[in-house]
Amino acid sequence: MDGDEAALPRFIKITMKILIVEDDKLQFDFINNAFSRIWAPDKPEIDRISTESDFRKKFHEIAVTNPDLIIMDVMVRWADPSPNIPVPPPEIVEQGFYRAGLRCVKMLAENEMTKNIPVIIYSVLDKSDMEDEIPNLPNVKYLDKDFDPENLKKAISSILQP
Amino acid sequence: MRQSRTRSDINKILDEPEVDIKSFDTIDQITLRLRKVCEKVSATFQCIETSLFLENRLEVENRYDLIATTFENWQGKKGSYLPFKEEGLTGWVLENRRPVRISNLSQFEKEKTNLRKEYEGIDWKDSFKLKPTAKKYLEIPKGSILPPLSFMAVPVTNDRKLLGMIRCCTARKSPWFFSKGQLELLKLVAVQIGRVWNDWLQNIEDNEEKKTWKNFVSNISYLNARVRESINKGSVDENTLYKQVLDLAGNSISQAESMSIKLTSGLKTHEIFPDETPNSSRMARPAINTLRSGKNSLFVHQDSSNSAVLSVSASDKNGSAPNRPANLGNSDSESSSSGGELNIPINVQNEMVGVINIQASGSKPFLPNAARIAELLGQQLGLYLSLWHSEKQQRQVFEDLWHQLKSPVGQVYARARSLLQGITYKNWHPDDLEIVNEIRTEVLRLRSVARKAKRVAVNAGVFTNLSTKGRLSLNSKAVGRLFSRDAERILTEGYKDTEILQDTYGIHFFFNGDSFKRLEEIKVRVDYDFLEQAVNCLLDNANKYSFADTAVTISGSEIIKDDKRYFYISVRNKGFRITSTEIIKLKERGYRGSDAKMVTGEGSGIGLWVVDHIMGAHGGQLEIIPTTSEGWTEMRLLFPVLLK
């Protein structure tokens with residue numbers, strides 16, 4: 001707890017805000033439940049974004065809200081099926097939709113307001129397969145998506161209290 | 001009598017018995033031999049000059065080099081040649097392919113009218129003001145008038161093809177003119193020279209071709225081995241591959257001046273320019289192994305204008321055979337000095353993905369084998385790319401399947417462990433319905449995730465089977481008659497598990513159980529494992545690609561198609577449109593429509609390909625009905641109905 005928080009009156013409770021970028025509902029549920037246990041009894045405030053187009057749409061909001069942590073999946077879909085899918089920019093079409101999460105992390109790292117937000121890249125892809133694409137920043141960590149809540153807890157601890 | 005005398009004269013000139021052309025390896029050897037012929041002609045006809053101009057098609061086409069002459073100051077130097085369009089008597093002979101004989105050149109002006117009648121278009125622009133050196137050579141004292149000069153020239157041909165010309169000039173002090181008989185004799189000499197010269201060129205070309213092919217085969221074997229090794233290691237560097245192919249082209253096609261590979265897909269151009277300057281000794285140069293050293297080449301990448309591709313397309317449109325090398329050069333044209341250009345298509349699975357462009361130097365023509373070598377290189381590169389892409393695709397599929405599998409397997413393990421911990425530590429009683437429901441929900445989630453893992457695992461198995469054996473067989477232990485209750489169980493479990501996986505946007509499954517009652521009356525045999533796989537795939541697709549708040553219907557029915565009776569399972573949904581042209585592609589391995597790519601974060605794109613093979617193994621088929629005007633897209637699994 002830093003100085004500012006220490007100065008707050010005791011009755012004001014600081015709730016952690018966590019953003020989970022995950023397109024699989026069951027996986028999101030799993031991570032969500034794991035967080036409930038990690039921070040029990042104080043469950044953090046969890047937001048979910050399930051597509052890259054939504055992430056881009058809400059980017060300004062993310063910058064303003066400034067979540068305490070972002071859990072980022074890598075293989076995230078561009079959009080939900082709909083007759084009016086948002087048209088992806090040409091560079092995304094060229095790059096492909098396969099590693100959308102890494103593009104989102106890059107966006108965060110390149111923006112002054114978001115570059116310091118701690119990010120855990122939580123993926124079934126091997127780190128070695130995307131080493132070049134992960135920004136070399138102290139607040140960006142990779143964690144293998146093995147669904148072990150203990151590993152998730154350790155990764156969060158290391159990134160929030162370096 | 002006259003004929004035998006002529007033959008004897010020719011024999012005297014050509015020094016019979018026949019020359020063994022095969023013993024002449026270099027141009028210097030043949031020119032030395034031809035100079036002797038010129039000397040003999042000069043001696044026989046008492047000439048001050050006999051010169052032989054021949055086209056060396058191995059070096060430059062449509063140019064007539066001074067191959068041999070009796071002029072002493074020539075000394076065998078190269079570089080003298082006769083441009084085809086040269087004015088004057090020699091140019092006239094080449095252009096008209098007719099012999100010419102002029103009794104007295106000094107009387108040319110006087111006899112011009114008569115000569116022009118006989119030799120239409122002839123001109124003689126020289127002023128007869130001989131240089132002092134020439135006068136000295138002709139032993140004409142200063143100030144003396146020009147002695148009578150007699151001139152004759154004959155085209156050298158072979159099989160009606162013009163190869164060059166031989167000309168003689170006499171300048172005896174007493175009146176001495178060439179006779180008609182001597183002209184006839186020179187014509188016979190020219191015929192013999194034409195045959196000798198053509199045979200020599202042919203021999204050199206044959207040797208060069210043999211050497212080229214030997215070299216080509218050896219280099220291509222080396223390249224094959226390297227490419228195979230790279231493919232096996234999964235480390236093919238496409239740029240290196242292109243460079244190696246271009247090196248090989250440069251090494252095998254001696255006239256190649258610049259080469260490039262232009263690809264339609266990558267929008268990249270790969271160009272290579274041998275740094276050797278073309279010269280007359282190129283023909284005999286040793287093969288440079290640029291494959292190994294690579295130092296004799298410059299390799300350039302740049303954005304492609306696809307000009308070569310366009311050229312090929314354009315020539316295709318103009319009626320030439322598609323996917324064949326296009327020789328865009330005009331080396332056949334007698335008026336051109338251009339070396340020509342070859343554009344060779346690179347085809348991967350019958351689709352042209354680019355061209356190899358090879359350009360000859362400004363004057364050097366391609367040897368006859370160049371187009372064939374280039375064509376083989378194009379085919380070889382297409383084969384390499386095809387193999388490499390297939391290998392890459394295969395690796396990618398396994399990688400994708402692994403990622404698809406890792407996630408549900410990890411979840412199953414973690415959920416099972418968590419469930420076990422909950423059961424163990426929670427203070428609960430088996431009659432506590434709330435807890436029991438909680439456990440039941442979690443077990444259903446587990447089954448749903450496990451079903452996904454199973455689907456991926458079976459896909460991996462089918463993929464491996466098809467990759468190694470090329471076909472899919474049913475497992476006799478899993479084959480049995482399909483009854484309505486089994487169909488109902490498989491389909492109900494399938495859609496319920498799929499529903500659990502679905503996100504918040506709400507897709508509603510409707511199952512028509514009654515439509516399967518017909519299975520009690522007809523006989524349909526299925527491999528239960530494969531049926532489950534096919535059903536899961538269709539349900540998963542319907543779940544992934546349906547729009548929010550729409551319905552998915554599952555039903556069964558009978559149909560007669562192509563005189564065969566089938567029972568089919570139908571899955572209909574409302575989502576992205578599928579057109580009739582897309583149907584075939586949907587069954588291809590690795591194909592995903594552009595809309596589908598946007599709404600799935602993972603996947604290998606082999607689902608429908610697997611289903612198609614599963615249905616094929618049943619003697620049935622996967623039928624995809626294009627989206628209707630109401631927005632329904634339907635996929636049917638057609639199983640043959642067996643006779644009772």
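**Exercise 1. Describe how helix H2 of chain A is placed on the sheet.**

Solution. Helix H2 (residues 25–38) of chain A lies across strand E1 (17–21), E2, strand E3 (69–72) and E4 of chain A, and runs at about 165 degrees to E2(A). Helices (H or I, at least four residues) and strands (E, at least two) are DSSP runs, numbered from the N terminus. Axes are lines fitted to C-alpha atoms, for helices over the stretch in contact, and angles run from 0 to 180 degrees between N-to-C directions. Contact means heavy atoms within 4.5 Å. Helix H7 (residues 149–160) of chain A also packs on the sheet, where it touches E3, E4 and E5 of chain A, and its direction makes about 170 degrees with that of E5(A).

The model is predicted: local features need pLDDT of at least 70, side-chain atom pairs count only at pLDDT 80 or more, and totals for chains, interfaces and linings use all residues. Residues are numbered from 1 along each chain as its sequence is written, chains are lettered from A and ligands numbered from 1 in the order in which they are written, and side-chain values use heavy atoms, with hydrogens and water left out.

**Exercise 2. State the strand order of the open sheet in chain A and explain why E2 and E5 stand at its edges.**

Solution. Step 1: the five strands have the order E2-E1-E3-E4-E5, with parallel pairing; two strands pair if DSSP finds at least two bridges between them. Step 2: strand E2 (45–49) and strand E5 (140–144) of chain A each have a single partner strand, so one side of each is left without a neighbour in the sheet. Step 3: on average, neighbouring strands are turned by 20 degrees against each other, direction ignored. Step 4: strand E4 (residues 119–123) of chain A pairs with E5(A) over five bridges, and Val119(A) has Val140(A) as its bridge partner.

**Exercise 3. Classify the ring pair Trp197(B) and Trp200(B).**

Solution. Step 1: rings of Phe, Tyr and Trp (its six-membered ring) pair if their centres lie within 6.5 Å; planes under 30 degrees apart count as stacked, over 60 as edge-to-face and the rest as tilted. Step 2: the centres of Trp197(B) and Trp200(B) are 5.3 Å apart and the planes 25 degrees, a stacked pair. Step 3: the two residues are three apart in helix H6 (residues 180–233) of chain B, which means a separation of about one helical turn. Step 4: Trp197(B) is buried at 0% relative accessibility, and Trp200(B) is buried at 0% (buried: under 20% relative accessible area, exposed: over 50%, partly exposed: in between; 1.4 Å probe, protein chains only).
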